[in-house]
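Grab a pencil and take a look at the protein below.

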Amino acid sequence: MEGSGPAVRRRSRSASARKRSRDRAQSRGACSPPARKRPSSGAGEEPQPAPSSHEYNNDSEEDMFGDYDSFSGNDSLLAQVDNMEQECIQSIDLTSCTKNMEDKATVEPSFGYLQLQNAKSKEPIFSAAGNITGFRTEEENHLRITSEQENRTLEPGDCFLDDLPSSQLLYFEEMNKTSVDSRKSSEWQHTCLTLESLQQRKNLIYSLPTSGGKTLVAEILILQELLCRQKDVLMVLPYVAIVQEKVWALSSFGIELGFLVEEYAGSKGRFPPIKRRMKKSLYIATIEKGHSLVNSLIETGRVGDLGLVVVDELHMLGEGSRGAILEMILAKILYTSKTTQIIGMSATLNNVGDLQQFLQAEYYTNNFRPVELKEYVKIQDSIYEVDNKAENGLTFSRLLNFKYSSNLQKMDPDHLIALVTEVIPNYSCLVFCPTKKNCENVAEMICKYLNKEYKNHRENEKQDLIKDLKNIGKGSLCPVLKRTIPFGIAYHHSGLTSDERKRIEEAYSTGVLCLLTCTSTLAAGVNLPARRVILRAPYVATEFLKKNQYKQMIGRAGRAGIDSAGESILIVQEKDKHLVRDLVNSPLENCYSNLFLEFTKGIQSLFLSLVGLKIARNPEEIYHFMCGTLFGVQQQFLSKEKSLSAITREALGCLIEKGLLKGKITSEKEQKSQSNLEITQLGQATYKGSIDLAYCDALYRDLKKGLEGLVLESCLHLLYLTTPYDMTYHCRPDWMIYFRQFSQLNLVEQKVAAIVGVPESFITKKASGQAIKKDVDNCVINRLYLSFVLYALLKETNIWNVSEKFNVSRGYVQNLLNSAASFSSCVLHFCEELEEFWVYKALLTELTKRLTYCVKAELVPLMEVAGVLESRAKQLYDSGYKTLAHLANADPETLVKMIEHLSQRQARQIVSSAKMLLREKAEALQEEVEELLKVPTDTSDGLLTTLP
């Protein structure tokens, strides 16, 4: 999500209550500042190579953090107003609103005006649609809610923000007091929120540069929908950790204002969701879980309960299979619900016209950015400023003035040390590297030649960070981090565990770390801004940088409220000079539909669910549906050889051939007499389990074979059945490790290998290097090897030990664990639709839970709380908070005193998240009770008696 408050510094979620303890320096000029001269003693030494580990997946930027995981700083409305709200909340008169909430357990729409008033002066702060007017006082600021009942009925858009919480008004008041940039930010947000199209509940796409404040608008619209219109809301976010972050952040609002916040990510989520009688729900979901949620709402006839769907990073429509799934979500909502409003936002959109036509949406854009961004390109010793008005797009800025010894020149030919020492340690810096390995090498190289004085900067806090990372690793610490952290430097990529990433991000946000070497995954979701962003090379792995990727990376430059300007420097070799000129001056890439390119995950999967949900049941109806998709809009560009009708019939034919659909596909001439298609049991299980059509046959065969001799003495056989198929393609087993792990199994567990098709003799011969005559399916071999990794992890619950055993990065092990938990949940839903697999239901329910948390049983209740990872759960448990009820009733002030490195804001949000989860569970049970006691409506009069 993008930053929402231009006048308030963006922060990572864990440290939002603490500001960077740095002295403010004078604003820098338009060009990069001159380098400081540094000694080059010791330059002749060779840097220690970073320890290598054999990776299954290619060392590139395609490694999102597990189940499309990433991490997003809490740069939204809540992060900006939280501290201010705590100071001012006592002066807020919320009597009428509170009474209403207590009496009815919900928030009713209001028809009045919310005002900030003062008897002496009334200076307008914010006004929207005539319903909210703020006034800043000269002597005191206080909030008063007045209600003026009007003789009119409530129309859509009439009660715009009438039930806006106090923190929102405080936000606008504070923004008015700060700076011109803040006013510019609130101006565009006010303009956007008061668009006539929004008042008429039309769909909207809006686009602004990174950190322009898009999130604030989305959150206001969400609250308006929940509180004013009393409708459910679905918020679709790209990655698991961003979902968890948003659940964690918005729970406090839900507690105060009386709505539920439900998480749909990884293995979490109920399908269909519980229908709430008294409260409305905000569903926060990943793309995959959001699709399953929408399917379940359509199936139960409840899609109309969704009043609003908000999609962040709308440009992801053009990104592979995930883009295809996002397109399915939006197309189904457009087709099945005429009352659901769709809001899409992104910082990197180009062919907006196609998206407008697809979503039937209005478009709003603004170039506002709270901090000016200066783009530079470095070629050899020269630094050029990106200038669109110049003939070749670049204007000479300065020469890099830094004296290098010959040895240092060999070790650092790109002058990274010169570039970073111009800003650190007093300011922050990000260095984007093409690969994970390069991140570690660059971090070590920079530290090797830095002046030892850098170690003195916040030395005690760096030692605390090292101590925390050791605790997270249960005594183990990455040797690279051990050497770099004393200098205030660390690497950031998917090789870290979630706990490690979270702690490093927290340290960077508070200024303990001043430099991160990172992969492009940080730019995709994490909100960690810097004074200077350096791109080590214009490549992601071996692929040349795309404009969208470039914009995301440089968008991290400049911290609102801290810097007067941000800088990005792209380091370029002479051979890439012409490509880079094209890159910096080219427009953003167009967003194209992936429904056709991702055939099994795209168009075939869509058609299967359309028939299963009875949205469209014959080729003509499906063709009509397809005309309303993004693919339908762009079909003439994407498939010139085949018509949309021909593509539709071909895909349906494939589904019938696979046994997922029943029926006959008639020719186009026979359309009038065509019959409806029907979904088979296997087809029903496949779409409800969100199983990739490429693997549904293999999964069915494996589960069927498992019934013949399922080994239940341990969970190894079940783990094999729930190991994701798509992770086997990048697996390269180490055969000595394979043999060693196999030998450590007992005789019953070794039978699992034989049952699935990997005999002991095969493993032995591969380990000894002998020739193999009999072919064994590589997918089965790799899948069993990965199940060994998962089995070791469930037994030890120590990622460090398992990563060393199998010689892979600890981040890879966690990624495998997260993917297995998610796939196990999918297999469970698959089995629920097939009666013959009834035995798997109970087994997979428990296994999914174990894979989701992978900790000792006593920590599971605490880890169910959004934002609480294993290390934090251990701290809480050891401090006496052993259950969800304990945590929900905790005093945040006491938590801060008892738990190390826990800020007040973190403590409040943990307690709010625990309260939300506890309330959600309690109300789910109440709903079940009421449903059980509900009087049947299909029974004749006189047959029923009233219950006592």
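Here come some exercises, each with a worked solution.

This is a predicted model, where local features need pLDDT of at least 70, side-chain atom pairs count only at pLDDT 80 or more, and totals for chains, interfaces and linings use all residues. Residues are numbered from 1 along each chain as its sequence is written, and side-chain values use heavy atoms, with hydrogens and water left out.

**Exercise 1.** Work out how many helices and strands the protein has, and what share of its residues is buried.

*Solution.* Start with the count: there are 38 helices and 24 strands. Helices (H or I, at least four residues) and strands (E, at least two) are DSSP runs, numbered from the N terminus. Next, burial: of the 948 residues, 60% are buried. Buried means under 20% relative accessible area, exposed over 50%, and partly exposed in between (1.4 Å probe, protein chains only).

**Exercise 2.** Find out which strands pair with strand 13, and in which direction they run.

*Solution.* Strands pair if DSSP finds at least two bridges between them.
- Step one: strand 13 (residues 372-379) runs parallel to strand 22 (residues 565-572), with eight bridges joining them. Here glutamate 372 sits opposite alanine 565.
- Step two: strand 14 (residues 382-386) runs antiparallel to strand 13, through four bridges. Tyrosine 376 has glutamate 385 of strand 14 as its bridge partner.
- Step three: look at the turn. Strands 13 and 14 make a hairpin with two residues between them, and glutamine 380 in that turn has a positive phi of about 55°.

Why do we call strand 13 largely enclosed by the rest of the structure? Because six of its eight residues are buried.

**Exercise 3.** Locate the largest nonpolar core and name the residues with the most contacts inside it.

*Solution.* A nonpolar core is a set of buried Ala, Val, Leu, Ile, Met, Phe, Trp, Tyr and Cys residues joined through side-chain atoms within 4.5 Å. The largest one has 196 residues, and Tyr206, Phe607, Val758 and Leu895 have the most contacts inside it. Apart from that core lies another, of 77 residues, including Leu394 and Tyr550. Now zoom in on phenylalanine 607: leaving out residues up to four places away in sequence, the ones it touches include Ile622, Met626 and Leu655. Contact here means heavy atoms within 4.5 Å.

**Exercise 4.** Decide whether leucine 933 is buried or exposed.

*Solution.* First place it: leucine 933 is found in helix 38 (residues 904-933). Its relative accessibility is 53%, so leucine 933 counts as exposed.
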